[in-house]
Amino acid sequence: MSKTPIKRALLIAAALATASSALAAGKLEIFSWWSGDEGPALEALVKLYKEKYPTVAVDNATVSGGAGTNARAVLKTRMLGGTPPDSFQVHAGQELIGTWVVAGRMEDLSSLFKSEGWSKAFPADVLKLISTKDGIWSVPVNVHRSNVMWYNPTKLKEWGVTVPKTWPEFITTCATLKKKGVAAPLVVGENWTQQHLWENVMIGTLGAQGWENLWAGKTKFTDPKVVGAFTTFGKVMDCANKDASGLSWQQASDRIVSGQSAFNIMGDWAAGYFTTTKKLAPGTGFGWATAPGTSKTFVMLADSFGLPKGVKDRAEAMNWLKLLGSKAGQDTFNPLKGSIAARTDSDLSKYNTYSKSAATDWKNSKIVGSMTHGAVAPESFTSAFGAVIDQFVSSKNSAGAAAAAQALAVRAGFGK
Amino acid sequence: MKSLSKDRLWAIAVLTPSIILIGIFVYYFIGRTIYVSLTDWGNDPAQALALNPIIRWVGLQNYTELFTGFLQGRFRQELVNTLFFTVFFIVGCLGVGLGLALILDRNPKGEGLWRTIFLFPMSLSFIVTGTIWRWMLQPQGGVNQAPTLLGGQPSSFAWLSSNDSVLKFDWNNLPLITAAVVGAVLIVVAVRAAREGQRTRTLVAAACAALLILWAVFIGPRVRLLAAPELHGFNFAMIGIIIAAVWQMSGYTMALYLAGLRGIPEELREAAKVDGAQDAQMYRFVIFPLLSPITLSAMIILGHISLKIFDLVYAMAGPDNIAASVPALNMYLTSFRQNQFALGAAIGTILLILVAFVIVPYLANQFKTEEGHS
């Protein structure tokens with residue numbers, strides 16, 4: 001007799017278990033290249049997601065590797081194989097548009113932007129970068145600035161030079177420093193950091209508008225102004241160390257700390273490296289200024305997530321995107337990642353000294369996209385452009401490099 | 001049906017699955033790659049990754065692009081790099097391997113230990129070797145710091161990042177150089193044939209050589225592959241990669257040579273000694289000739305490793321360092337970063353042809369000797 005209620009209770013429990021497991025069948029797979037230093041920031045976001053949607057099992061599919069080079073290859077295999085992840089990380093802008101949007105593989109997120117009121121939360125320049133005439137394609141989570149020049153304040157004082165404001169001024173400063181026995185006033189690292197430098201010289205020489213025209217196909221790379229900027233870049237590279245291609249960006253930054261070189265152009269992830277890894281105080285241990293000639297410009301790159309067509313868990317993925325674009329989501333993620341929020345209404349008290357200054361500039365500057373980091377040029381251009389820079393650095397042939405870049409632009413479909 | 005014995009049926013049953021699998025996953029895909037290399041898949045970014053891409057047949061356009069295209073200078077430099085890498089890698093491995101084998105053949109103390117130590121690098125994968133050697137060849141550390149141990153100045157050789165090169169030639173002269181080399185080889189063939197008294201062979205070879213040399217003198221200089229001269233040569237940045245590759249594979253050639261040396265019957269050495277041969281003469285006239293088949297097979301194995309090398313270069317020099325790049329790396333970048341699948345397939349096909357140049361004569365040789373034995 002006494003067994004029956006227990007049996008009944010067991011049955012009910014079993015029924016409940018099946019029911020709840022049916023509820024928990026909601027799944028979300030997030031594909032990113034955030035591991036290592038960036039892992040905790042992603043985990044914080046996932047935690048926030050789980051608080052809101054506790055029944056969803058989140059599958060964090062991370063493929064490690066700098067700047068997502070490995071992840072992008074894996075992603076390609078999955079997309080072509082017909083098993084797209086529910087939402088994947090990609091550099092905001094042409095890296096997504098030129099690769100996946102033109103191939104008709106992404107869903108238009110315009111309605112999401114409308115319903116969440118994001119058209120006002122994000123700066124118009126950013127919306128322009130992530131949209132085509134057919135729609136808006138991804139939700140930017142964070143923003144990094146790439147036009148920053150880092151220097152060693154103590155050493156600059158010792159050498160008696162000031163921070164140059166334009167590229168011609170930079171070349172003069174460089175000559176002064178060389179006379180004082182600094183072999184390489186500027187430090188650069190492997191190929192992509194040279195591309196990074198190149199784009200800063202370009203923007204500093206052509207101006208923000210000139211830079212945008214280049215990627216809109218309004219200005220050709222063979223334009224005398226662009227060729228002239230290539231020549232300036234060649235002169236800037238003459239100031240740089242000769243062992244560049246053997247150095248990672250961290251190793252290049254180390255030479256600023258050690259005082260071997262005076263300047264380094266790098267994105268603002270370097271601030272995190274200086275403060276967290278090298279334990280230097282912002283302002284005294286290391287200094288920063290906008291790259292020469294770009295004081296009123298904010299060269300941005302952003303990580304963003306998009307929604308591939310035909311995913312299994314569309315509703316869960318939409319919720320994920322909503323969280324990414326929200327104020328709470330961005331303020332959870334960015335202080336940990338060392339970037340700033342793409343939204344203009346973020347809570348600045350959560351950020352460090354450098355990020356605060358960047359966030360202020362974010363609101364007040366003209367925003368343009370970075371080529372090296374996928375914002376303004378499709379992958380097919382960026383990847384092949386590495387070879388152009390490499391050849392230019394050894395040959396210093398401006399006209400040749402400009403012609404090669406133009407040919408690449410035509411091939412990538414924007415330089416007609 | 002005598003031939004269909006139970007044994008034979010079993011053999012067929014066991015072999016069929018692997019024949020089918022190899023047929024699909026090796027030969028079908030080779031065919032598929034060659035087909036893709038003759039299309040324009042990926043040249044238009046909008047079609048590259050589309051669900052149902054429109055792919056058009058373009059014939060040999062991708063190959064023309066690789067050898068003469070304005071944007072593909074990188075590929076041409078890589079072909080030159082591969083050539084130099086193969087030569088130095090094979091010579092280095094054979095030299096070091098033979099040297100080590102000769103030393104070990106003299107039965108030094110702790111021979112087994114030495115053998116293990118020398119063979120050990122082979123157990124590492126190229127990616128590990130590459131990472132370790134990249135650390136050692138860093139401009140600021142490792143090998144360049146070695147002189148400071150003796151109180152000297154640190155060296156500043158850019159092992160992996162140098163842009164300097166030697167033995168430069170203009171790619172435009174490639175047809176000319178090829179014609180001259182083939183012509184020279186044909187002349188040698190003709191002279192040999194004449195000595196052996198084979199008339200037709202002499203005549204054909206001499207006529208071909210004359211034609212080629214005439215072409216090289218009168219038409220060759222006017223052939224222009226590219227609009228502008230393009231210099232390629234042996235980049236110093238390859239030196240670091242060659243050192244690492246030789247370090248990895250020379251233990252293997254040592255093992256081959258050691259097996260060969262141990263296989264030489266003691267009687268032959270004794271006979272040579274009885275005939276009054278000194279050590280050097282014994283090696284020169286008795287031992288080295290007996291090792292030549294081993295040299296051949298080592299060359300083939302090393303040759304195809306060097307042609308398809310990828311991971312070592314990726315780990316040591318990085319993907320964007322043209323001075324030290326190889327076609328396999330370019331194939332990966334072209335296909336999976338630039339989404340130019342057809343162009344990537346064309347590079348792959350060229351690699352296949354290069355490897356075939358090495359492997360096919362070897363296989364032919366093997367089958368011949370097997371038939372000879374049976």
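A salt bridge here is a side-chain nitrogen of Lys or Arg within 4 Å of a carboxyl oxygen of Asp or Glu. The structure holds 23 of them over all chains. The model is predicted. Its largest nonpolar core has 114 residues. Chain A averages a pLDDT of 88.

**Confidence in chain A**
- In chain A, 93% of the residues score a pLDDT of at least 70.
- Helix H11 (residues 224-238) of chain A has the highest mean pLDDT among the chain's elements, at 95. Helix H1 (residues 3-23) of chain A has the lowest, at 54.
- The pLDDT falls below 50 over residues 18-23 of chain A. Beyond near neighbours in sequence, that stretch makes one contact in the model.

- Leaving aside residues up to four places away in sequence, Phe381(A) touches Trp215(A), Phe221(A), Met371(A), Ala405(A), Leu408(A), Ala409(A), Ala412(A) and Phe414(A).
- A second, separate core has 61 residues, including Leu100(B), Ile264(B), Tyr283(B) and Leu312(B).

**Nonpolar surface on chain B**
- Ile20(B), Leu21(B), Ile22(B), Ile24(B), Phe25(B), Val26(B), Tyr27(B), Tyr28(B) and Phe29(B) make a nonpolar surface patch of about 900 Å².
- Ile22(B) is found in helix H1 (residues 6-37) of chain B. Its relative accessible area is 43%, so Ile22(B) is partly exposed.

**Salt bridges in chain A**
- Asp303(A) pairs with Lys337(A), with the closest N and O atoms 3.9 Å apart. Asp303(A) lies in strand S12 (residues 303-306) of chain A and Lys337(A) in helix H15 (residues 327-337) of chain A, so the bridge ties together parts 34 residues apart in sequence. Both Asp303(A) and Lys337(A) are buried.
- Asp345(A) and Arg343(A) meet in a salt bridge at 3.1 Å, N to O. Asp345(A) counts as partly exposed, at 33% relative accessibility. Arg343(A) counts as buried, at 12%.

**Salt bridges in chain B**
- Arg106(B) bridges to Asp279(B), the closest N and O atoms being 2.9 Å apart. Arg106(B) lies in the loop between helix H4 (73-105) and helix H5 (111-119) of chain B, and Asp279(B) in helix H12 (residues 279-307) of chain B, so the pair ties together parts 173 residues apart in sequence.
- Arg106(B) is exposed, at 52% relative accessibility. Asp279(B) is partly exposed, at 39%.
- Salt bridges with shared partners join Asp105(B), Glu111(B), Arg115(B), Arg262(B) and Arg269(B) into one network.

Key. Residues are numbered from 1 along each chain as its sequence is written. Chains are lettered from A and ligands numbered from 1 in the order in which they are written. This is a predicted model: local features need pLDDT of at least 70, side-chain atom pairs count only at pLDDT 80 or more; totals for chains, interfaces and linings use all residues. Side-chain values use heavy atoms; hydrogens and water are left out. A nonpolar core is a set of buried Ala, Val, Leu, Ile, Met, Phe, Trp, Tyr and Cys residues joined through side-chain atoms within 4.5 Å. Buried means under 20% relative accessible area, exposed over 50%, partly exposed in between (1.4 Å probe, protein chains only). Contact means heavy atoms within 4.5 Å. Patches are made of residues with over 30% relative accessible area and no salt bridge: like charges are joined within 9 Å, nonpolar side chains (Val, Leu, Ile, Met, Phe, Trp, Tyr) within 5 Å. Accessible areas come from the Shrake-Rupley method with a 1.4 Å probe; for residues, only the protein chains shown count as cover. Helices (H or I, at least four residues) and strands (E, at least two) are DSSP runs, numbered from the N terminus. pLDDT is the predictor's confidence in each residue, from 0 to 100.
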